[in-house]
Amino acid sequence: IFILGIESSCDDTSAAVIHNGKVLSNVVASQKIHEAYGGVVPELASRAHQQNIVPVVHQALKKANITKAQLSAIAFTRGPGLMGSLLVGTSFAKSLAYGLNIPLIDVNHMQAHILAHFIEETNFKKPPFPFLAMTISGGHTQIVNVEDYFSMTVIGETIDDAVGEAYDKSGKILGLGYPAGPEIDKRAQLGNPKAFTFTKPKVDGLNFSFSGLKTAILYFIQKETKANPNFINENINDICASIQYTIIGILIDKLKKATKATGIKHIAIGGGVSANSGIRKALQDGEQKFGWTTYIPKFEYTTDNAAMIAIVGYLKFLEANFAEQDIMASARLKISF
Ligand code: ATP
Ligand code: FE
């Protein structure tokens, strides 16, 4: 069974081919145009998707060494995401499936960040049900109780900013490029995580809050640069390490609470921020410290990619769970629907 996956929810145009759960190709065209604006500009994103989608799909088929005629189904991201961006992938997937007369499969982007763990990969184990998934990305921060492939319950989520936003907005304050997550991560590894202390937000239960942290960082930087205009330059690695240490502390605290509340000790992470070296290490340490079994995705399946869309397509294909041609993109699609 060959599934073509198409992802266009935000600023990456991606296409992938999966054969019986194994990735044959996973092509990602990241849009550079947004860097100049310090964030994704929706109108520019949808235009870039329009330009990229045909070549990206061609390349994915070519790399997989198959022709369109061999495809069993087309899977696409229905949501959540930017409406204009979603429309490009959705329309393209619909027309291609219609033209080839093969099934169309709608995929929930946030389910895909979790179900990426079911891609067949040597040296990667799959989590057993039920497991806890922490999805940490540019738009979401959730702890999800995953009872089955398509039965998921959100048991905690952010009440304001997502953790990826906390990274990107902190980076903006520090004058780093967009997205700042990878660079803060790189610098954090060279700095002292205890150089500066930022207070952690107090949020009840399993919910998160990151907007206060961003403000705390802003005030701290304003105060310090007033005293020493060169403060950021002189301390950049320590600042990054301290921010990262604070964020990871928040995430791990909530995971500890979640395992206590549910009794589930199998923990998977997903989403762009799960590429972070610090969170990967903290999670691994949790195996020794808290008796967790942890599942960390292969690097290329953390940030937005179509392989994760195609694997969900494959799982739905096995259940003959197809979409109709009149299905619509949904910017605010929930993980359980
Ligand atoms: P969503 O999945 O919620 O719709 P999205 O698709 O825009 O949002 P992803 O592509 O999953 O988000 O993740 C992008 C985010 O991941 C950005 O905020 C980026 O800064 C962050 N990120 C990527 N790599 C790292 C890293 N190594 N450390 C921290 N953050 C990172
Ligand atoms: Fe994403």
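Predicted model: local features only at pLDDT ≥ 70, side-chain atom pairs only at ≥ 80, totals over all residues.
Me: A residue is near a molecule if its C-beta atom, placed from the backbone, lies within 6 Å of it. How many residues surround ligand 1?

Reply: Residues are numbered from 1 along each chain, with chains lettered from A and ligands numbered from 1 as written. The chain averages a pLDDT of 96, and 100% of the residues score at least 70. Gly138, Gly139, Gly164, Gly181 and Gly272 are the closest to ligand 1, in a shell of 24 residues.

Me: Which helices give two or more residues to this shell?

Reply: Helices here are DSSP runs (H or I) of at least four residues, numbered from the N terminus. The elements contributing two or more residues around ligand 1 are H3 (109-115), H4 (163-173) and H5 (181-188).

Me: Are H4 and H5 roughly parallel or roughly perpendicular to each other?

Reply: With axes fitted to C-alpha atoms over the stretch in contact and angles running from 0 to 180 degrees between N-to-C directions, H4 and H5 pack at about 75 degrees, their axes 8 Å apart. Angles under 35 degrees count as roughly parallel, over 145 as roughly antiparallel, 65 to 115 as roughly perpendicular and the rest as oblique. H4 and H5 are therefore roughly perpendicular.

Me: Which residues of H5 make the contact with H4?

Reply: Contact requires C-beta atoms, placed from the backbone, within 7 Å. H4 supplies Gly164, Tyr167, Asp168, Ser170 and Gly171. From H5 come Gly181, Glu183 and Ile184.

Note on methods: pLDDT = per-residue confidence, 0-100. Contact = placed C-beta atoms within 7 Å.
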